[in-house]
Number of protein chains: 2
Amino acid sequence: MALSQAPSQAVSEDRLWNRHMALARHGATPRGGVNRQALSAEDIEARRTMVGWARDIGCSVFGDELGNFFIRLEGSRPDLPPVLTGSHLDSQPTGGKFDGVYGVLAGFEVLQAIRDTGQVPRRSIEVVAWMNEEGSRFAPGMMGSAGFAGVRSVDEIIAVHDARQQSVAESLAELALALPDVPMRPLCTPVHSYIEAHIEQAPVLEAHGVPIGVVTGIQGKRTFRVTVTGEESHAGTTPHRRRRDALLSATGMVQALERQCFDPLDITRFTVGMFRVEPNAPSVIPAKVTFSIDIRHESSARLVELGDAVTPLCLAHAGPCEVRVEELSTAMSLEFPESIRSEIEAAASRLGLGHMRLLSAAGHDARYLNDHCETGMIFVPCLKGVSHHESESATPADLIAGARVLAEVVWARANDAD
Amino acid sequence: MALSQAPSQAVSEDRLWNRHMALARHGATPRGGVNRQALSAEDIEARRTMVGWARDIGCSVFGDELGNFFIRLEGSRPDLPPVLTGSHLDSQPTGGKFDGVYGVLAGFEVLQAIRDTGQVPRRSIEVVAWMNEEGSRFAPGMMGSAGFAGVRSVDEIIAVHDARQQSVAESLAELALALPDVPMRPLCTPVHSYIEAHIEQAPVLEAHGVPIGVVTGIQGKRTFRVTVTGEESHAGTTPHRRRRDALLSATGMVQALERQCFDPLDITRFTVGMFRVEPNAPSVIPAKVTFSIDIRHESSARLVELGDAVTPLCLAHAGPCEVRVEELSTAMSLEFPESIRSEIEAAASRLGLGHMRLLSAAGHDARYLNDHCETGMIFVPCLKGVSHHESESATPADLIAGARVLAEVVWARANDAD
């Protein structure tokens with residue numbers, strides 16, 4: 001193997017694919033998907049596997065107090081801020097094999113390819129797996145990247161509880177016990193730039209037959225938690241006029257929100273994904289409903305309007321119940337710097353790979369890193385655009401194409417003169 | 001104590017109240033209620049307490065293959081069908097101290113009062129605790145009485161599973177292991193008559209300041225389970241036109257059913273008490289919703305109309321989802337025999353207790369026993385009519401008044417000439 005070989009030529013399609021299949025065993029579901037929620041036993045086992053791979057190729061590993069996980073390939077100037085790449089290892093409860101994992105494994109494939117060529121970059125290159133991107137166990141998501149970038153405080157993050165009343169703090173203690181030989185580093189360390197590779201989670205690239213998406217930015221998103229409180233009583237004896245039925249009020253709110261968010265252009269994304277009823281027994285009038293609202297729009301102005309309508313609309317449909325609306329996260333639409341977008345395009349062109357620009361409809365850790373350092377994203381197609389589903393799929397050829405572009409951009413940035 | 005003292009004079013208000021407080025410890029909740037679901041560890045412990053009390057006063061205990069539990073005071077003619085009284089020991093997940101338990105303990109107080117007077121009835125008198133009246137863990141409820149009366153088959157009942165996929169059959173095996181010294185009897189044995197005492201679970205007696213309700217019958221009830229199947233996908237990337245959101249369809253169905261069941265006279269009872277979403281994660285479009293429907297009406301004709309509208313209405317609001325509607329139970333309105341109603345009235349009058357006739361809005365095990373033998377019910381007031389709630393309450397004076405009427409009726413029937 002020539003010392004001068006470009007890392008983008010040294011990446012291995014088979015190795016990258018096999019690593020996806022290996023990690024998919026941690027939390028594998030009977031229907032071929034993955035249930036590997038943040039800081040679960042399965043998430044910890046996936047990290048253990050990554051630690052082994054990292055040490056096999058002579059890289060060091062680090063953690064931090066929010067459970068972010070780093071694999072470092074030391075550069076010739078270890079004093080300089082590193083080039084960072086990666087994504088997340090946690091999944092939705094019925095997620096797939098590629099969402100998040102791809103960014104971590106593509107980054108790791110780049111490290112190994114550089115090792116294989118025998119070259120040493122000027123800057124160190126690090127692969128990161130951010131803690132709890134998905135937000136399904138602990139809401140809201142992107143906790144690790146938000147904490148790393150200083151957008152949310154550690155105290156606020158570690159106080160969040162899951163549905164079983166276990167806190168992030170308790171789960172982080174379990175992680176530390178399980179992987180005691182991973183040294184800890186501070187949060188908010190300087191980073192030269194951050195490039196995240198991810199499956200598109202939408203069908204645009206597939207529809208255009210283009211393997212590389214140059215991500216221009218991320219659409220805005222506001223999330224809410226609505227708590228409707230009524231009173232439980234007997235389904236057979238309580239007359240309508242005396243009922244305070246939390247489920248009737250909550251379903252009315254959901255229907256009203258759906259009408260409010262209706263968009264003939266089909267750009268608005270409105271979702272109630274979580275809806276929990278208490279006591280949830282067939283012959284008891286529900287006393288309490290807690291539900292989530294997720295609204296996204298590429299126009300920040302429209303997002304502000306839609307989000308600001310949530311509280312008045314819920315109040316208007318509360319009927320005899322009490323209602324509390326909390327906004328959990330507010331993220332306006334953002335644009336990545338033109339410099340990185342152009343570099344990704346140029347790299348894809350050099351490699352002879354088709355590319356197109358697109359906006360990310362999904363949120364990613366890159367949102368928060370964009371506040372911390374120069375940031376960009378590379379998308380690859382996934383089957384029918386399906387994600388957050390056990391049938392999520394991508395081809396080995398598309399995955400390696402994205403990893404080659406990532407290798408070009410990371411290698412160039414790690415060796416630039418600044 | 002005179003041998004000729006009437007059992008209705010020998011019942012003890014304190015003893016009856018203290019037993020309510022003692023049983024309420026099995027499944028006690030922090031807010032003063034009871035969570036003692038059918039065949040749970042708490043239900044089994046409550047039975048164990050009852051076994052001890054029964055043996056203390058020299059009564060025998062029996063079980064049957066559906067987990068019904070009997071305490072028998074042997075009469076001088078043990079060959080004759082017994083007079084049966086009782087109710088159930090299981091509760092809603094956030095239930096109170098009196099629903100069901102009262103009927104069992106009032107019956108047991110009658111047995112002990114008869115013992116205390118030193119008299120022996122002609123017929124045997126038995127107190128029963130029916131298995132799973134509430135139907136919150138295993139749906140539908142009133143399983144034990146339905147099986148005893150031959151209305152539902154044993155095979156059908158024991159195949160039902162709870163939300164954790166444990167079957168009634170497995171739970172019955174646990175019960176048998178926990179209480180191995182309770183001998184088993186066959187189902188469907190002949191019964192002379194069945195009298196059930198119960199808290200009213202509605203505010204009519206309290207509003208009229210009347211301690212004794214003479215129950216004329218039970219309003220009809222139809223219950224359904226609706227399963228709405230859509231497709232899970234990503235909340236940020238999936239456009240509205242491609243969504244198959246099970247929660248949006250299901251909330252539309254609930255709102256449409258509520259409008260359909262609206263009744264200006266406020267006689268119809270319509271409740272969706274259970275509503276379960278999968279995967280129930282904030283940023284995943286729901287793939288599946290399962291919800292319960294409970295419709296009750298004192299007019300059987302109106303109940304038929306309302307129930308028959310459920311399936312077409314759900315289909316009309318299915319949108320892009322699939323929907324399956326199963327009717328779980330169908331019970332038309334019923335009337336108890338006039339003979340028992342008159343006896344209850346006469347007994348209350350003899351004891352100087354105010355009484356009024358009323359229809360039971362709630363379902364009770366007496367529904368199925370009415371198909372098996374002469375059946376009646378006695379109601380006592382509960383605070384504000386609240387039931388299926390941890391704050392459920394009743395006064396010691398009202399509870400003992402009902403027990404005195406019960407003692408009169410049971411004693412008379414046990415000694416009648418037939």
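## Conventions

Helices (H or I, at least four residues) and strands (E, at least two) are DSSP runs, numbered from the N terminus. This is a predicted model, where local features need pLDDT of at least 70, side-chain atom pairs count only at pLDDT 80 or more, and totals for chains, interfaces and linings use all residues. Residues are numbered from 1 along each chain as its sequence is written, while chains are lettered from A and ligands numbered from 1 in the order in which they are written.

## A look at Gly86(B)

Gly86(B) sits in strand β3 (residues 83–88) of chain B. Because 28 other C-beta atoms lie within 10 Å, Gly86(B) is buried (the cut-off is 20 or more such atoms within 10 Å, with C-beta atoms placed from the backbone).

Leaving aside residues up to four places away in sequence, Gly86(B) touches several others, including Gly103(B), Val127(B) and Glu196(B); contact requires C-beta atoms, placed from the backbone, within 7 Å.

## Where the chains meet

On chain A, 53 residues are in contact with 53 residues of chain B. The elements giving two or more residues to this side of chain A include β8 (220–229), α9 (246–261) and β11 (288–297). The largest share, 7 residues, comes from α9(A).

The same surface serves both copies, as 100% of the contact residues of chain A recur in chain B.

Terms used
Contact = placed C-beta atoms within 7 Å. Buried ≥ 20, exposed ≤ 12 C-beta atoms within 10 Å, placed from the backbone.
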